[in-house]
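Me: I would like to go through one protein model by question and answer, with each term given its cut-offs as it comes up.

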Amino acid sequence: MNAKILIVEDDLESLKLIGLMLQSRGYQIAAAQSGPQALSKAVSESPDLVILDLMMPGMDGYEVARRLRADPRTATIPIIILTARGQITDKVAGFEAGADEYLVKPVHPAELITRIESLLARSARIGPTVQLPRGKTIGFLGCKGGVGTTTVAMNLAVSLIRGPASGKKIILIDARTGSSTLAFQMGLRPQQGLQVLAGREPHTLTADSILAHADRHASGTLLLGGLPEPQGLASPLTPAHAQAIVQALAETMDYVLVDMGTGLEAVSQALLRILRYVVVIIEPHRVSLLLTQALLAALDNLEVGRHRQGIVLVNKAPTSMTPSKDTVEEFLQREIICVIPPAPELAFQSAERGTPMVIMQAESLISIQFNQLAQYIAAL
Ligand SMILES: Nc1ncnc2c1ncn2[C@@H]1O[C@H](COP(=O)(O)OP(=O)(O)OP(=O)(O)O)[C@@H](O)[C@H]1O
Ligand SMILES: [Mg+2]
């Protein structure tokens, strides 16, 4: 059957024009003239794609996109924003709200059709891998080694359980068998959990059999890691194991947080296909920003939608030359969701004692930032 496209447009003339053009190409059409109508038709009509206007009275297109993404029934429908607003800030906001494409009116019919066809082909290709599990699955990926990826994942987990996710079940996974440092940084004895799980068939892994190898941290978060082994000698998880572990845990846990370290090796690529959100950890240095640009472009190529990405800037050791948040945002053309300030003394003591910073100094500036990040993540 031909694909069905939901056109969301408050101007009746434009609506008819786009509708007739698409019908003449064989598409089925559904139409909505307001945000609320768009949301209800996105469920009742099960469209294969949505074309969304931004400027509508009442609920605007950004809000419609955000709500479509937030609802598991509509979260994976491709969205093309088609608008008269051509500013770069509008475009960035559109992608952040969840759009897959952003086209500025007037658009040539041939271009619109090309974009529609490529998005439909892409969702046919990705298919069921984008199914959303019950728990929030969130990856942490550094633009390079040592930027603070593990520190952010660990302090965020504790901030969540002590704040907006109190009473919820949270597990932190150290996905890098071998170079795992998470257990040390949390003051726990490393266990061979991941090494044991890597020796089993992925399809036999259930939440219970995985949780038997997890440790409980004093804060209440669980931890699943492995024994340290030099890289190259370590037997890493296979992509199938990594996916199976995260998917099984997401059935019973409220949050599954994965320290992915750096780089986009096969395990990380497999994880990116199933994680609901990825936090990219960056630092405000020239070389790191160039690596970040390459990483963000790679995430786009791997079809990790912009609404599934959040950037956290860790400012470990600022100098008078360190670029500001605004400068970094301008350079990357992306919004930063949180800035973690420098705390060298606290970071050192925290590492020495194996106690996360948000526990050592709950009132410090850095803890306040981690708490804000926790609020942001809890609201996803
Ligand atoms: N905001 C901060 N201010 C000062 N130092 C920090 C800050 N955040 C982290 N650090 C320190 O930076 C070092 C690296 O942190 P962390 O281990 O989290 O980085 P990573 O990116 O996970 O590294 P790896 O690539 O080894 O996994 C640690 O010594 C940590 O204590
Ligand atoms: Mg680390």
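This is a predicted model: local features need pLDDT of at least 70, side-chain atom pairs count only at pLDDT 80 or more; totals for chains, interfaces and linings use all residues.

Reply: Residues are numbered from 1 along each chain as its sequence is written, chains are lettered from A and ligands numbered from 1 in the order in which they are written, and side-chain values use heavy atoms, with hydrogens and water left out.

Me: What distance separates the centres of domain 1 and domain 2?

Reply: The domain assignment, whose bounds come from an automatic or database source, gives domain 1 as 4-128 and domain 2 as 133-378. Taken over C-alpha atoms, the separation of the two centres is 33 Å.

Me: What area do domain 1 and domain 2 bury between them?

Reply: Contact, meaning heavy atoms within 4.5 Å, links ten residues of domain 1 with six residues of domain 2. Buried area is the accessible area (1.4 Å probe) that two parts lose on being put together, summed over both. Of the area buried here, 49% is on carbon and sulfur atoms, and the total for domain 1 and domain 2 is about 740 Å².

Me: Which residues of domain 1 lose the most area to domain 2?

Reply: Three residues together account for 51% of what the domain 1 side buries. They are Val 92, Phe 95 and Glu 96.

Me: Which side chain meets that of Glu 303 in a salt bridge?

Reply: A salt bridge is a side-chain nitrogen of Lys or Arg within 4 Å of a carboxyl oxygen of Asp or Glu, and the count between domain 1 and domain 2 is one. Glu 303 sits in the loop between α12 (286-301) and β12 (309-314), with helices (H or I, at least four residues) and strands (E, at least two) being DSSP runs numbered from the N terminus. Its phi is near 65°, a positive value in a residue other than glycine. At 3.5 Å, N to O, the partner of Glu 303 is Arg 122.

Me: Is Pro 47 buried or exposed?

Reply: Pro 47 lies in the loop between α2 (35-44) and β3 (49-52), where it touches Lys 4, Leu 6, Lys 41, Ala 42 and Ile 77, not counting residues up to four places away in sequence. The classes are buried under 20% relative accessible area, exposed over 50%, and partly exposed in between (1.4 Å probe, protein chains only). Because its relative accessibility is 6%, Pro 47 counts as buried.

Me: What is the relative accessible area of Ser 46?

Reply: Ser 46 is also found in the loop between α2 and β3, and its phi is near 40°, a positive value in a residue other than glycine. Ser 46 is classed as exposed, with a relative accessible area of 51%.

Me: How many residues apart in sequence are the parts that Glu 101 and Arg 115 tie together?

Reply: The side chains of Glu 101 and Arg 115 meet in a salt bridge of 2.9 Å, N to O. Glu 101 is buried at 15% relative accessible area, whereas Arg 115 is partly exposed at 25%. Glu 101 belongs to strand β5 and Arg 115 to helix α5, so the separation in sequence of the parts they tie together is 14 residues.
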